[in-house]
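The report below goes through one structure by its cross-links, its charged and aromatic pairs, and its strands. Please keep the sequence and the coordinates at hand while reading.

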Amino acid sequence: MEMSRFGLVLACSVLMVVMMMPCEVEAKRWTVGGNKGWTSNVNYTIWAQDIQFYKDDWLFFVYDRNQQNVLQVNRTDYESCNENNPIHSWTTGAGRDVVPLNVTKHYYFISGHGFCYGGMKLAVHVINPPPPPRASPIKSDSAPSASFGLRSAMAFVAAWTFASQLF
């Protein structure tokens with residue numbers, strides 16, 4: 001009987017600690033070109049201009065596997081549409097390729113077979129995600145319910161008090 005009470009106290013404690021942890025930014029999977037995919041006649045500069053790419057995000061290239069491909073190149077080859085010296089070919093043959101953005105840097109992608117000259121090129125700048133939000137300081141004139149941190153602390157104390165009464 002004592003062990004089950006201890007388990008309840010431990011479970012309540014863990015739950016309260018988890019509730020007080022700040023949320024972190026989650027990695028996102030970006031479908032390149034949105035619903036148009038990786039194809040000609042899409043301006044990928046415009047598509048990417050309002051997106052902030054963070055470390056550990058993913059790019060998802062969807063394209064016609066019989067015509068296009070996905071090549072990661074350096075900036076010079078990106079600007080000149082040179083497909084002869086790719087850093088990496090992400091083409092798997094399925095037309096559904098996922099590229100991890102696991103390093104903070106500039107990434108450059110093109111499609112070969114002349115499609116780069118038609119605009120199938122994408123440059124993205126990957127940065128570290130922002131730090132999790134910090135709890136705002138408690139103001140003396142604010143109500144206790146206005147602060148999540150204070151509410152969590154109060155809930156923790158209440159749960160601990162309740163659970164410890166079981167002993």
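## Cross-links, rings and strands

A search of the whole structure, which is a predicted model, finds one disulfide. The disulfide joins C81 to C116, with a distance of 2.1 Å from S to S, and the torsion about the S-S bond of C81 and C116 is about -70°, so the disulfide is left-handed. C81 lies in the loop between α3 (75-80) and β5 (88-89), while C116 lies in the loop between β7 (106-110) and β8 (121-127), so the pair ties together parts that are 35 residues apart in sequence.

### Charged pairs

The structure holds two salt bridges, which are set out in the table.

| Salt bridge | N to O distance |
|---|---|
| K55 and D56 | 3.9 Å |
| R75 and E79 | 2.9 Å |

In the salt bridge between K55 and D56, K55 counts as partly exposed at 31% relative accessibility, and D56 is likewise partly exposed, with a relative accessible area of 40%. For the salt bridge between R75 and E79, the two residues are four apart in helix α3, so about one helical turn separates them. Both R75 and E79 are exposed.

### Aromatic rings and the charges over them

A pair of aromatic rings is described by the distance of the centres and the angle of the planes. The count comes to seven aromatic pairs. Among them is the pair of W38 and Y44, which is tilted, with 4.9 Å from centre to centre and 55° between the planes; W38 is buried, and so is Y44. Y78 and Y108 form another tilted pair, with 5.2 Å from centre to centre and 50° between the planes. This pair links distant parts of the chain, since Y78 is in helix α3 and Y108 in strand β7, 30 residues apart. Both Y78 and Y108 are buried.

W38 and Y44 also belong to one aromatic cluster, which they form together with F61, Y107 and F109. One ring of this cluster, that of Y107, has the charged end of K105 sitting over it, 4.9 Å from its centre. A lysine is found over Y78 as well: K121 lies over the face of that ring, at 4.6 Å from the ring centre.

### A buried glutamine in a loop

Q68 lies in the loop between β3 and β4 (71-73). Is the residue buried or exposed? With the limit for a buried residue set at under 20%, Q68 is buried because its relative accessible area is 5%. Leaving aside its neighbours within four places in sequence, Q68 is in contact with W38, T39, Y63, S111, F115 and M120. One of these contacts, W38, is the residue that pairs with Y44 and takes part in the aromatic cluster.

Strand β6 (residues 96-101) has a covered face, made up of D97, V99 and L101, and an uncovered face, made up of R96, V98 and P100. Strand β3 (residues 57-62) is joined to β6 by six bridges, and the two strands run antiparallel. Which residue stands opposite V98 in β6? F60 stands opposite V98, and V98 is one of the residues on the uncovered face of β6.

I127 and L101 are 26 residues apart in sequence and 9.5 Å apart in space, from C-alpha to C-alpha. I127 is partly exposed, with a relative accessible area of 28%. Not counting residues up to four places away in sequence, I127 touches Q52, F53, Y54, K55 and T104. Among these contacts is K55, whose side chain meets that of D56 in a salt bridge.

How values were computed. Residues are numbered from 1 along each chain as its sequence is written. This is a predicted model: local features need pLDDT of at least 70, side-chain atom pairs count only at pLDDT 80 or more; totals for chains, interfaces and linings use all residues. Side-chain values use heavy atoms; hydrogens and water are left out. Buried means under 20% relative accessible area, exposed over 50%, partly exposed in between (1.4 Å probe, protein chains only). Two strands pair if DSSP finds at least two bridges between them. Contact means heavy atoms within 4.5 Å. A disulfide is a pair of cysteine sulfur atoms within 2.5 Å. A salt bridge is a side-chain nitrogen of Lys or Arg within 4 Å of a carboxyl oxygen of Asp or Glu. Rings of Phe, Tyr and Trp (its six-membered ring) pair if their centres lie within 6.5 Å; planes under 30 degrees apart count as stacked, over 60 as edge-to-face and the rest as tilted. A charge sits over a ring if NZ of Lys or CZ of Arg is within 6 Å of the ring centre and within 35 degrees of the ring normal.
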